Amino acid sequence: MWRLRLLVLGVLAAGTAEAQANSTDGFLEFSVGKFTYFLLSSPFPQGAILRHISSNVTFLLFQIHSQYQNTTISFTKTLLPGTSETGNDRGLVFILRPEQTMCTWYLETKDAKPVQNVAIPLSYSERDPIPGGCNLEFDLDIDPNIYLDYNFFETTIKFAPANLGYARGAEPPPCDVDTGQESRWRLQYDVYQYFLPEGDLTEASLLQHLQRMAQVPQVKASADKVVTLTADDKTTVSFSSLLGQGVIYNVIVRDPSLNTSAAYVPVHTYACSFESVDGNCISPGRVPTKVFFTLLALLGLFVCFFGHRFWKTELFFIGFIFLGFFFHILITRLTPLEYDVRLVLTAVVGSLGGIFLVASWWRFGTLMLCMLCVGLVLGFLVSSGTFFTPLGNLKVFRDDGVFWVSFSCIALLIPVIFMGCLRILNILACGVVGSYSVVLAIDSYVSTSLSYITLNVLRRALNTGFRGAFIRVPFQTNDFLVLAVWGMLAVSGITLQIRRERGLPPFPPHPYKLWKQERERRVTNILDPSHHVPPLRERLYGRLTQIKELFQKEQPAGERTPLLL
């Protein structure tokens, strides 16, 4: 059935080409391997034509790209089921008939505003594999497109398996009759990823960089190969989503026996919407997020330089992070509350965690418990940084059990190593964790990849599907600057506190014991001026009296009535 469908489409395309051969008014002229910029406006279709096709070309791949407005590409002027594709990055494969030297197709958009596009036709020979030639999932018979879907956690791409190439007029090789080396099962798929410049959301930049991801040589030279799939693997790959960061994906299908290859239609995403009102690509940061992390950064900056001296302030900071992190995971997984509500509740519960840790130190003086919390927070950051490296993309860590056991062991290793020198552990935690809170605050205003050190762990805890995603982020100019700021703050804070605390006791004494001794001293020592301090009730009554006097009118001085003679 599908072969008959291809034949009908070929006849329609050929008939249209012959009809327009003598008159190309209103048609866009294209050349093989050359990019063409043009504007599409609603509601009239725009015809496109390619002439002088070489006889050694067996199929064409025409692709068209826009930034976020949809464009439709079709074999025929009248849209028919299975003959057209609509989207930002779409393409069609044209199987050429013998002696065919010209090909036409049609482009249109339903968008009210004009759409800026860039398009290119690419030619392939009979030895090259056909992208999407064994499609059984999507609408087109031969579908060279990559289908992309994203959410807050991951970005997933899907594509149809390819088929072996064949000569003009010949029967296409069967897709699933044989699984030997003479069938399409010998083909391999290289998945490539390309990052746009950070913070660059312009249309011109995207269309320019897309030109590096359309043809096989440019893709291999410009992009990073993430994974190679065989015909036995699922044609689905997941990546961690990068909000507001432009990313281009493409797949190159290779025939190892003939040493040939072909590229699918590249697809791009910013993991956000240009048309949504709240949290769009232009202003991805929410106001509550900026307020939350700005306040956290101010406290973290103080802890970075003075945390060991102001021990209770540091304990509040650590308790806030410790309990707030776990509460945010719990409330996100168990409730459907909005993000802003969850953020406020996280701030409230985190503050209670900080107060509880300070209160436990004040009342019981449990230094080991406090230092265990401090060490675990530092260990969490170290473990997160470890899995932020390429080590986190190893296949063994896609198993949740292996990942969380390994993650916990690294986090616990930090307090165990520094168990004999608790002051050094505390100062290191102040410098590293306190300065990293500044990095998170910077990310809420200017995008930086360093925030994904901890964000990826949070995503792993919140979404079970994230375990299969490849964790890759760009490391560009902004990231180097933020990394330098983080390192400078951490080193400065650690150095300053080590020098200032030299020769002083490692930790302050137990506050409750000091308070108890002071109270007993005041009771027994009548010569101490504090012994004669009035009770609390009398002091409060005196303060209230002073406040009331401020609102009373001042009584006039002297005689106001006339004197009697």
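## Report on a predicted protein chain

Ser183 sits in the loop that runs between strand E11 (154-159) and strand E12 (188-195) of this predicted model. Because its relative accessibility is 5%, Ser183 counts as buried. When neighbours within four places in sequence are left aside, Ser183 is in contact with Leu164 and Asp178.

Asn163 also has its place in the loop between E11 and E12, and with a relative accessibility of 2% Asn163 counts as buried. A polar atom of the Asn163 side chain lies 2.9 Å from the backbone oxygen of Pro173. Residues up to four places away in sequence not being counted, Asn163 touches Pro129, Ile130, Gly133, Cys134, Pro173, Pro174, Cys175, Arg184 and Leu187.

**The chain as a whole**

The protein chain contains 13 helices and 17 strands, and 46% of its 565 residues count as buried. Of the contacts between residues at least 6 apart in sequence, 77% join residues that are at least 24 apart. The chain exposes about 28,900 Å², and carbon and sulfur atoms supply 62% of that area.

**Strand E8 and its partners**

Strand E8 (residues 103-108) is largely enclosed by the rest of the structure, because six of its six residues are buried. Cys103, Trp105 and Leu107 point one way from E8, whereas Thr104, Tyr106 and Glu108 point the other way, and all are buried. Strand E3 (residues 46-50) pairs with E8 in the antiparallel sense over five bridges, and Leu50 has Cys103 of E8 as its bridge partner. Strand E5 (residues 71-74) likewise pairs with E8 in the antiparallel sense, over three bridges, and here Ile73 stands opposite Leu107.

Pro98 is found in the loop between strand E7 (89-95) and E8. With a relative accessible area of 46%, Pro98 is partly exposed. Although Pro98 and Arg168 are 70 residues apart along the chain, their C-alpha atoms are separated by 5.5 Å. Once neighbours within four places in sequence are set aside, Pro98 is in contact with Arg168 and Gly169.

**Helix H8 and its surroundings**

Helix H8 (residues 400-417) has 18 residues and reaches 26 Å from its first C-alpha to its last, which is close to the 26 Å expected at 1.5 Å a residue. At the N-terminal end, Asp399 caps H8, with a side-chain oxygen 3.0 Å from the backbone nitrogen of Gly401.

Within H8, the residues Phe403, Phe407, Ala411, Ile414 and Pro415 are buried. These residues lie on the same side of H8, because they cover an arc of only 105° around the axis. The face of H8 that is turned away from the buried side carries the exposed residues Val405, Val416 and Ile417. On the buried side, the residues of H8 pack against helix H7 (367-388), helix H9 (422-443) and helix H10 (452-462).

Beyond H8, Cys421 is found in the loop between H8 and H9, and at 33% relative accessibility Cys421 counts as partly exposed. Cys421 and Pro506 are 85 residues apart in sequence, and from C-alpha to C-alpha they are 9.3 Å apart in space.

**Helix H10**

Helix H10 is largely enclosed by the rest of the structure, because 10 of its 11 residues are buried. The buried residues of H10 are Tyr452, Ile453, Thr454, Asn456, Val457, Leu458, Arg459, Arg460, Ala461 and Leu462. They pack against strand E14 (236-240), helix H5 (311-334), H7, H8, H9 and helix H11 (477-500).

**Accessibility of the loop residues**

| Residue | Relative accessibility and class |
|---|---|
| Ser183 | 5% relative accessibility, buried |
| Asn163 | 2% relative accessibility, buried |
| Cys421 | 33% relative accessibility, partly exposed |
| Pro98 | 46% relative accessible area, partly exposed |

Note on methods:
Residues are numbered from 1 along each chain as its sequence is written. This is a predicted model: local features need pLDDT of at least 70, side-chain atom pairs count only at pLDDT 80 or more; totals for chains, interfaces and linings use all residues. Side-chain values use heavy atoms; hydrogens and water are left out. Helices (H or I, at least four residues) and strands (E, at least two) are DSSP runs, numbered from the N terminus. The expected span of a helix is 1.5 Å times one less than its number of residues. Buried means under 20% relative accessible area, exposed over 50%, partly exposed in between (1.4 Å probe, protein chains only). The arc is that of the directions from the helix axis to the C-beta atoms. Contact means heavy atoms within 4.5 Å. A polar contact is a pair of N or O atoms within 3.5 Å; within protein, one must be able to donate a hydrogen and the other to accept it, and residues adjacent in sequence count only if both atoms are side-chain atoms. Accessible areas come from the Shrake-Rupley method with a 1.4 Å probe; for residues, only the protein chains shown count as cover. Two strands pair if DSSP finds at least two bridges between them.
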